[in-house]
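Reader: I am new to this structure and would like to go through it by question and answer. Please show it first.

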Amino acid sequence: MAPSSAPVAFSVRRSPPELVAPAEKTPNELKRLSDIDDQGGLRFQLPFVMFYSNINDPLLMVQKEKDPVKVIREALAKALVYYYPFAGRLREGGNRKLTVDCTGEGILFVEAEADITLEQLGDTIQPPCPYIEELLHDVPGSNAILGCPLLLIQVTRLLCGGFIIAIRLNHTISDSLGLVKFLNTVAEMAGGASAPSQQPVWQRDIFSARDPPRITCVHHEYEEKAIDNNSSTAILMEDSSMMVHWSFFFGPKEMRSIRMHLPLHLRTSSTFEILSACLWRCRTIALHLDQNQVVRLSCMINARGKQGLQVPDGYYGNAFAFPTAVTKVGSLCQNPLGYALEIVKKIKSEMSEEYIRSVADLMVIKGRPRYTTAGNYLVADTTRVGFGGVDFGWGKPVYGGPSGAIPLVSFFARFRNSKGEDGVVVPIWLPLPVMERFQQELLKITHQEPVNQSHGVMQKRILSLL
């Protein structure tokens with residue numbers, strides 16, 4: 001099926017990468033990451049992208065006459081004075097414990113220009129972004145977890161006067177909410193502020209293991225399971241050349257349709273809960289697995305605001321866990337959608353102070369393992385993270401959020417399509433035959449087609465996450 005918006009061709013010219021250091025001298029010290037930060041499953045680079053238009057707002061005319069590259073570069077240096085650990089480098093100690101060496105070396109910055117307008121890009125700006133390799137240059141030698149810059153930022157000017165900011169984040173230093181806190185500080189500095197309105201808070205000991213550590217909850221997400229040759233993970237790993245990256249848009253019409261497949265008492269469930277259940281069930285059906293095989297769904301749940309944790313507003317470290325549901329394929333696929341939704345609601349309710357403290361303790365006891373991939377599908381909601389509110393002086397982004405999915409993980413993001421419809425866009429990686437069956441399952445309950453498709457070989461750095 002043809003995508004509604006085909007990618008367009010354009011060229012990008014880049015200046016040599018440079019290091020942006022804090023604008024003032026910062027403390028030279030070692031800072032330990034939390035035991036949630038440095039778990040094996042977060043030791044990867046996570047890409048984000050933000051598209052800004054050249055809107056005709058008289059209030060912004062003064063700022064529009066300025067160069068966004070220059071403004072953002074200078075604002076980054078000022079913001080790093082307060083977020084100076086971002087300018088350091090990671091070191092690994094005993095029991096794989098990670099520490100930030102606050103050297104003040106800086107973050108990587110790339111200036112670029114593209115011979116295209118935002119209007120020409122159209123709806124192709126939504127995830128999966130087909131241009132991410134052009135918009136976020138993988139600077140050679142910069143993508144290791146240890147001893148490399150913790151942030152890479154490329155600002156690309158467009159012919160229309162708009163621009164694109166693409167960001168690569170070392171996930172161990174921050175989650176998406178923490179990244180947005182940093183970006184909002186950059187935006188404030190770009191607007192002339194001398195200090196952030198919200199002071200950043202390190203305090204990684206909030207999520208450090210207890211003494212002595214003790215695992216008090218069941219953690220299916222870290223169970224050591226061998227990958228069966230007939231499992232969903234084995235199917236995804238079998239032939240990377242068959243993998244495709246599509247996204248699906250869920251607006252008011254689609255959500256109404258899905259809710260009609262639920263019993264009345266479940267129809268008021270959140271969009272995240274309903275979509276998680278729907279995607280998990282449709283994906284499992286499409287994979288054609290043995291009915292007795294066990295499958296999992298991991299939901300990334302924010303720990304901020306949980307009773308007992310007292311996470312400060314300015315905290316920018318990783319503050320989440322992913323409680324995991326376990327069921328058999330036959331039960332998930334043969335029961336109505338409400339069965340999957342009840343499971344999702346149950347695992348969400350498990351997230352508590354005790355749960356995340358148990359995770360931190362597990363990391364210390366078991367040597368910081370990765371999450372299990374056997375039969376697992378992970379979902380994360382970024383719709384309330386705040387990328388859409390980051391304003392460097394040229395207005396809010398047309399789209400801001402993850403650039404796409406990664407294997408086994410889908411990120412939910414807000415998006416307004418060219419029809420003016422607001423909704424949630426969900427990218428996903430699957431082999432082409434599985435994706436086509438997955439699409440047909442979605443069509444049965446939403447009557448929709450994929451809004452963006454990307455065929456081709458899965459990038460090696462993405463495949464390595466498996």
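Predicted model: local features only at pLDDT ≥ 70, side-chain atom pairs only at ≥ 80, totals over all residues.

Author: The contact is made by Met 255, Ile 258 and Arg 259 of H7 with Thr 271, Ile 274, Leu 275 and Cys 278 of H8. By class, the contact of H7 with H8 has five nonpolar residues, one polar and one charged.

Reader: Is H7 roughly parallel or roughly perpendicular to H8?

Author: Two packed helices are described by the angle between their axes and the distance between the axes. The axes of H7 and H8 are 11 Å apart, and the packing angle is about 70°. Angles of 65 to 115 degrees count as roughly perpendicular. H7 is therefore placed, relative to H8, as roughly perpendicular.

Reader: Which elements are included in what covers the buried residues of H7?

Author: H7 spans residues 252-259, and its buried residues are Glu 254, Met 255, Ser 257, Ile 258 and Arg 259. Their cover includes strand S10 (243-250), H8, H10 and helix H12 (432-446).

Reader: At roughly what angle do the axes of H8 and H10 cross?

Author: H8 covers residues 271-286 and H10 covers residues 337-350. H8 passes H10 in a right-handed crossing. Their axes come within 8 Å, and the crossing angle is roughly 125°.

Reader: Is Ala 114 buried or exposed?

Author: Ala 114 is found in strand S7, residues 107-114. It touches Phe 10, Ser 11, Val 12, Thr 156, Arg 157, Leu 158 and Leu 159, not counting residues up to four places away in sequence. Because its relative accessible area is 3%, Ala 114 is buried.

Reader: What separates the C-alpha atoms of Ala 114 and Ser 11?

Author: Along the chain, Ala 114 and Ser 11 are 103 residues apart. The separation of their C-alpha atoms is 5.7 Å.

Reader: Where does Pro 212 lie?

Author: Most residues other than glycine have a negative phi, and most peptide bonds are trans. The peptide bond from Asp 211 to Pro 212 is cis, with omega near 0°. Pro 212 has its place in the loop between helix H5 (176-190) and helix H6 (232-238).

Reader: Is Arg 368 buried or exposed?

Author: Arg 368 has a positive phi of about 60° although it is not a glycine. Its place is the loop between helix H11 (353-366) and strand S15 (376-381). With a relative accessible area of 3%, Arg 368 is buried.

Reader: How does Gln 203 count by its relative accessibility?

Author: Gln 203 is not a glycine, yet its phi is positive at about 40°. It is found in the loop between H5 and H6. Because its relative accessibility is 42%, Gln 203 counts as partly exposed.

Reader: How many disulfides does a search of the whole structure find?

Author: A disulfide is a covalent bond between the sulfur atoms of two cysteines. Cys 102 is buried, with a relative accessible area of 2%, and Cys 129 is buried too, with 6%. The number of disulfides found in the whole structure is zero.

Technical notes. Residues numbered from 1 in each chain as written. Heavy atoms only, no water. Disulfide = S-S within 2.5 Å. Buried < 20%, exposed > 50% of the residue type's maximum accessible area, 1.4 Å probe, protein only. Axes fitted to C-alpha atoms, helices over the stretch in contact; angles between N-to-C directions. Helix = DSSP H or I, 4+ residues; strand = E, 2+ residues; numbered from the N terminus. Left-handed = near helix turned anticlockwise from the far one by under 90°. Contact = heavy atoms within 4.5 Å. Parallel < 35°, antiparallel > 145°, perpendicular 65-115°, else oblique. Nonpolar A, V, L, I, M, F, W, Y, C, P; charged D, E, K, R; others polar.
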